[in-house]
Amino acid sequence: MLPRLADNCCFLCFSLLLCLITAGLAADPYVFYDWTVSYITASPLGLKQQVIGVDGIFPGPILNVTTNWNVVINVKNNLDEPFLLTWNGIQQRKNSWQDGVSGTNCPIPAGWNWTYQFQVKDQIGSFFYFPSLGLQRAVGGYGGIVVNNREVIAVPFGAPDGDITLLISDWYIKSHKALRNELESKNGGLGPPDGVLFNGLGPYQFDKALVRDGIPYQIINVEPGKTYRIRVHNVGILTSLNFRIQNHNMVLVETEGSYTVQQNYSNMDIHVGQSYSFLVTMDQDASTDYYIVASPRFVNATSAWTKASGVAILHYSNSRGPASGPLPDPPHEYDTFFSMNQARSIRWNVSAGAARPNPQGSFRYGQITVTDVYVILNRPPELVDGKWRNTLNGISYIAPSTPLRLAQQFKVDGVFKLDFPNRFMNRPAKMDTSVINGTFKGFMEIIFQNNDTSVQSYHLDGHAFFVVGMDYGVWTENSRSTYNKWDGVARSTTQVFPGAWTAILVSLDNAGIWNLRTQNLDSWYLGQESYISVVNPENDNDEVQLPDNVIYCGVLSPLQKDQAQRVHFSGASSSDKIIEIVLIAIIATLLGISGTS
């Protein structure tokens, strides 16, 4: 009798194995990474300096995933200070625990590791990750994120012959710690950068008077006649950059997770924290290589800024010589409307599907009633309690030792206030932890008014917002008559020109606490940020609960568990892991049956 029972059990186990493997492969896949963050030595501008590498490389590896995949990244902090990674543009649906900013997470202490686990739910497009604390992004730690469409969702253009990620950034030879000291000690800002990098590499020597010998530079190898998707991210510190490819047309197809109306551009102003992807066809004569340029915009035309241009090389496989001669011209620096008109020209492709088959335009944002209005004004740095600070509506944000999300979870009083003003208040500037009280499933209008002298980029975590208007001057109620209420592009970072305003509309449908910040690192470091608290008044079983591996700090430090017991993930594929786990269970079952017989 026992042998027959064993045979039946074997058959059942085998059937279970097939079912579990099928279910595992059919479900949203998991991908696993181990990343060690450490200082490494590099020479981006020809001088050795300490940069932040991820897995020993600078920039870090590209995170290449597909819509709805689950991402598990075990991050080991080998720096000499706390560290967090944030995922620029990844919405972390119902899961602000994984956002990786000071308001949602305790920093990963030096020598510790922490495992992020999140899903790229209902998203496609081009994004990037970076360190969110203490100007660390100024020395690296960043990398690209590609979220591919599922095969069942049509892409609104033909499959490109290749996919290229370019991370452009202004760069200082000084360390991030030295830059922090400069910002804290004076009101002169950081001054012109020492250069502009392409993927962590300095400029090609297009002019011996401007570029020193021996600087390594980026070469993009292409085949004639092929079309490539080129994803460009400004991961820099404070400089808007004009991106262009000599003699090549660029067709804009996507920005920060939204397909755009396909338009031709000879160049594009890309502001700090923004991401774009273009289709570029290699249709030029291969007599020489071609320049790829990223040059500073909205700056004083001094020699220091001229030296800051980043230059890479586009190399055809049949090229007959190096690039030479002057760089392709940028837009005229004194044409203040060029960049604004270019930004206005970027429109949402309302007929294309994105992560889902329904068209992007099926969400008719222009017909939704606005529930809350915030006019948020920024000013140049000012002295607040004897320190140079930046403000929003007269408040310079102070990050508490206890993250806002943890304080909210454990009902800790006194950590933050839900009193961020919806208008600038005529009172002295102050430092405070003031948070916007958002309405769950409300529809918020935010107007950014830039009274500073430089371009500012503003970003909202957890959401994509609709850029509906921008203009020079002071925003008034009458400015709404100029809003684009049909095909304003949905994105997560928008520029606000000096002496101008930008208006956005956002649906607060993602419960959590979400960072609203300037992407310009100097202003962010000096307090130009806040958070929007979005609380679902009903119990939502789908909302991700407090992670088991949460790090506690501040007033909740006594809750911290021993960090000695930590899960270590390998780079095996999710399907391999599922099969491995199931096989172990089957073997254990069979051994148990054998032992009883």
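Where does N95 lie? N95 lies in the loop between β5 (85-88) and β6 (113-119), where helices (H or I, at least four residues) and strands (E, at least two) are DSSP runs numbered from the N terminus. The model is predicted: local features need pLDDT of at least 70, side-chain atom pairs count only at pLDDT 80 or more, and totals for chains, interfaces and linings use all residues. Residues are numbered from 1 along each chain as its sequence is written, and side-chain values use heavy atoms, with hydrogens and water left out.

**Figure 1. Overview of the chain.** The chain has 7 helices and 33 strands. Of its 597 residues, 56% count as buried, meaning under 20% relative accessible area, with exposed over 50% and partly exposed in between (1.4 Å probe, protein chains only). Contact stands for heavy atoms within 4.5 Å. Among contacts between residues at least 6 apart in sequence, 78% join residues at least 24 apart.

**Figure 2. Surroundings of N95.** With a relative accessibility of 5%, N95 counts as buried. Beyond its neighbours within four places in sequence, N95 is in contact with Q117, F118, W514 and V544. N95 and F118 are separated by 23 residues in sequence, and their C-alpha atoms are 7.5 Å apart.

**Figure 3. Nonpolar cores.** A nonpolar core is a set of buried Ala, Val, Leu, Ile, Met, Phe, Trp, Tyr and Cys residues joined through side-chain atoms within 4.5 Å. The largest has 59 residues, of which W87 and Y116 touch the most other members. Strand β1 (residues 30-42) gives the most to this core, with 6 residues. A second, separate core of 46 residues includes L166, I220, L241 and F243. In soluble globular proteins, nonpolar side chains tend to be buried together.

**Figure 4. Contacts of Y116.** Neighbours within four places in sequence are left aside here. The residues in contact with Y116 are then V71, V72, I73, V75, L84, L85, W87, Q98, G100 and I108.

Figure 5. A cavity, on a 1 Å grid over the protein atoms alone, is a set of points where a 1.4 Å probe fits but cannot get out; lining residues have an atom within 4 Å of a point. Grid points are joined across faces, edges and corners, and a volume is the space filled by probe spheres set on the points. The structure holds 2 cavities of 30 Å³ or more. The largest cavity has a volume of about 80 Å³. Its lining consists of L84, W97, T104, N105, C106, I108, W114, L406, P547, V550 and I551.

**Figure 6. Buried face of helix α2.** In helix α2 (residues 176-185), the buried residues are H176, L179, R180, E182 and L183. They fall within an arc of 160° seen down the axis, so they line one face of α2; the arc is that of the directions from the helix axis to the C-beta atoms. Their packing partners are β1, β22 (387-389) and α6 (521-525).

**Figure 7. Buried side of helix α4.** S339, M340, Q342 and A343 are the buried residues of helix α4 (residues 336-345). Because they cover an arc of only 155° around the axis, they are on the same side of α4. They pack against β15 (258-265), β16 (268-270), β28 (465-472), β30 (493-496) and β31 (500-507).

**Figure 8. Salt bridge between D269 and R297.** A salt bridge is a side-chain nitrogen of Lys or Arg within 4 Å of a carboxyl oxygen of Asp or Glu, and the structure holds 20 of them. The closest N and O atoms of D269 and R297 are 2.9 Å apart. The pair links distant parts of the chain, 28 residues apart: D269 is in strand β16, and R297 is in the loop between β18 (290-296) and α3 (303-306). Both D269 and R297 are buried.

**Figure 9. Salt bridge between D487 and R347.** The N to O distance in this pair is 3.0 Å. D487 is in the loop between β28 and β29 (490-491), and R347, 140 residues apart from it, is in the loop between α4 and β20 (372-378). D487 is buried, at 13% relative accessible area, whereas R347 is partly exposed, at 32%.

**Figure 10. Salt bridge between R480 and E445.** The side chains of R480 and E445 meet at 3.0 Å, N to O. R480 is in the loop between β28 and β29, while E445 is in strand β26 (residues 443-450), 35 residues apart. R480 counts as partly exposed at 25% relative accessibility, and E445 as buried at 2%. Salt bridges that share partners join R423, E445, E477 and R480 into one network.

Key: 1 Å grid on protein atoms, 1.4 Å probe; cavity = no way out; pocket = protein on both sides within 12 Å on 5 of 7 lines; lining within 4 Å.
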